[in-house]
Amino acid sequence: MRKQVFAANWKMYKTVTEAQAFVEGFLPLLNSESEARIIICPPTTLLGELRQQLLGSGVALGAQNIYWENAGAFTGEISALQVHDSGASFCLCGHSERRQYFGENASMVALKAAAAMGAGLIPIVCVGENLAQRESGQTLAYLQSDILASLKGLTPSPRMMIAYEPVWAIGTGRVATCEDAEEAIAHIRTVVGGIWGEIAGQLSILYGGSVKPDNIASLLACPNIDGALVGGASLSPQSFAAIVNAGFTSKMPEG
Ligand code: PGA
């Protein structure tokens with residue numbers, strides 16, 4: 001059975017002091033009975049410090065990006081082995097901001113996801129259509145081709161996760177309707193089922209894009225939505241804790 005997952009994507013926000021203040025505020029607010037998996041993906045510079053701060057809390061860490069080689073002369077890049085060594089257990093792969101501003105494409109995402117798995121990280125592969133694709137009725141076709149290319153060559157694993165993040169909903173305050181998100185995520189599950197068989201039913205697939213405390217419950221009510229990847233609303237301990245705790249009250253975690 002699938003676990004609920006709530007992942008915070010801090011993007012390029014927070015210093016060490018700000019991260020410490022977040023943890024101090026956040027941990028006491030969590031519902032201790034919740035079995036949801038909570039992941040914080042901070043800037044890489046904060047992994048070591050947060051590993052100490054979160055010790056024994058059950059909150060896991062993820063990287064926001066990695067390079068696919070394990071080591072080498074790649075100035076400015078960081079490997080899956082290195083972020084794992086710094087305390088990360090997860091890694092976002094192919095976030096739309098990486099694709100939009102840093103030229104990542106689906107074949108690079110597949111290489112990153114494979115490197116993550118090879119280093120013992122669980123990849124959270126991000127996919128999502130842009131506004132033009134949605135408005136021209138291309139959403140499902142685009143998601144199908146992108147997910148197939150982003151998973152190409154990967155060893156099927158029920159531990160891997162996917163985040164469906166429509167680009168037009170990220171940071172815009174415009175959240176997908178539950179029907180649209182459910183349709184897209186069910187489609188992603190079917191496409192993965194075509195290549196990975198019944199493992200597709202075990203994957204946690206998250207929704208991301210303007211998730212807030214006041215819309216999380218209705219998103220989680222959809223059968224295929226297993227949790228959320230949260231940007232802006234994950235920066236405050238109060239709002240991220242409210243999202244995680246809403247998960248507990250809206251749907252008992254299975255698994
Ligand atoms: P948002 O970002 O919640 O601020 O829309 C989500 C994301 O980019 O992962």
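Lys 11 sits in the loop that runs between strand S1 (5-9) and helix H1. Before I go on, note that this is a predicted model. In Lys 11 phi is positive, near 50°, and the residue is not a glycine. The loop between S1 and H1 also holds Lys 14. Lys 14 is not a glycine either, and its phi is positive too, at about 90°. As background, most residues other than glycine have a negative phi.

Gln 64 is in the loop between strand S3 (60-63) and helix H3 (80-85). It counts as buried because its relative accessibility is 19%, and the cut-off for buried is under 20%. Which backbone oxygens does the side chain of Gln 64 reach? One belongs to Lys 11, at 2.9 Å. Another belongs to Cys 41, at 3.1 Å. Leaving out residues up to four places away in sequence, Gln 64 touches Asn 9, Trp 10, Lys 11, Cys 41, Pro 42, Pro 43 and Leu 92.

Pro 43 is on that list, so let me take it next. Its place is the loop between strand S2 (37-41) and helix H2 (47-53). Pro 43 has a relative accessible area of 13% and is therefore buried. With neighbours within four places in sequence set aside, its contacts are Trp 10, Lys 11, Met 12, Tyr 13, Lys 14 and Gln 64. For a distance across the model, take Pro 43 and Met 117: they are 74 residues apart along the chain, and 20 Å separates their C-alpha atoms.

Now the ligand. How many residues surround the ligand? There are 13, and the closest are Lys 11, His 95, Glu 165, Gly 171 and Ser 210. By type, the shell has four nonpolar, seven polar and two charged residues. For Glu 165, a polar side-chain atom is 2.7 Å from a ligand oxygen. For Asn 9, an N or O atom in the side chain is 3.4 Å from a ligand oxygen. For Gly 171, the polar atom belongs to the backbone, and its distance to a ligand oxygen is 2.7 Å. On its own the ligand would expose 280 Å², and the protein buries 96% of that area.

Back to helix H1, which covers residues 16-26. Which residues of H1 are buried? They are Ala 19, Phe 22, Val 23 and Phe 26. These four lie on the same side of H1, because they cover an arc of only 95° around the axis. In general, an α-helix has 3.6 residues a turn, so residues three or four places apart point the same way. Thr 17 and Glu 24 are exposed, on the other side of H1.

The last stop is Val 192, in helix H8 (residues 178-196). Val 192 counts as buried because its relative accessibility is 1%. Apart from neighbours within four places in sequence, Val 192 is in contact with Ile 147, Leu 151, Ile 162, Gly 197, Ala 200 and Leu 203. Cys 93 is 99 residues from Val 192 along the chain, and the C-alpha atoms of the two are 17 Å apart.

Technical notes. Residues numbered from 1 in each chain as written. Predicted model: local features only at pLDDT ≥ 70, side-chain atom pairs only at ≥ 80, totals over all residues. Heavy atoms only, no water. Helix = DSSP H or I, 4+ residues; strand = E, 2+ residues; numbered from the N terminus. Buried < 20%, exposed > 50% of the residue type's maximum accessible area, 1.4 Å probe, protein only. Polar contact = N/O pair within 3.5 Å; in protein donor to acceptor, adjacent residues only side chain to side chain. Contact = heavy atoms within 4.5 Å. Near = heavy atom within 4 Å. Areas by Shrake-Rupley, 256 points an atom, 1.4 Å probe, with all protein chains shown as cover. Nonpolar A, V, L, I, M, F, W, Y, C, P; charged D, E, K, R; others polar. Arc of directions from axis to C-beta.
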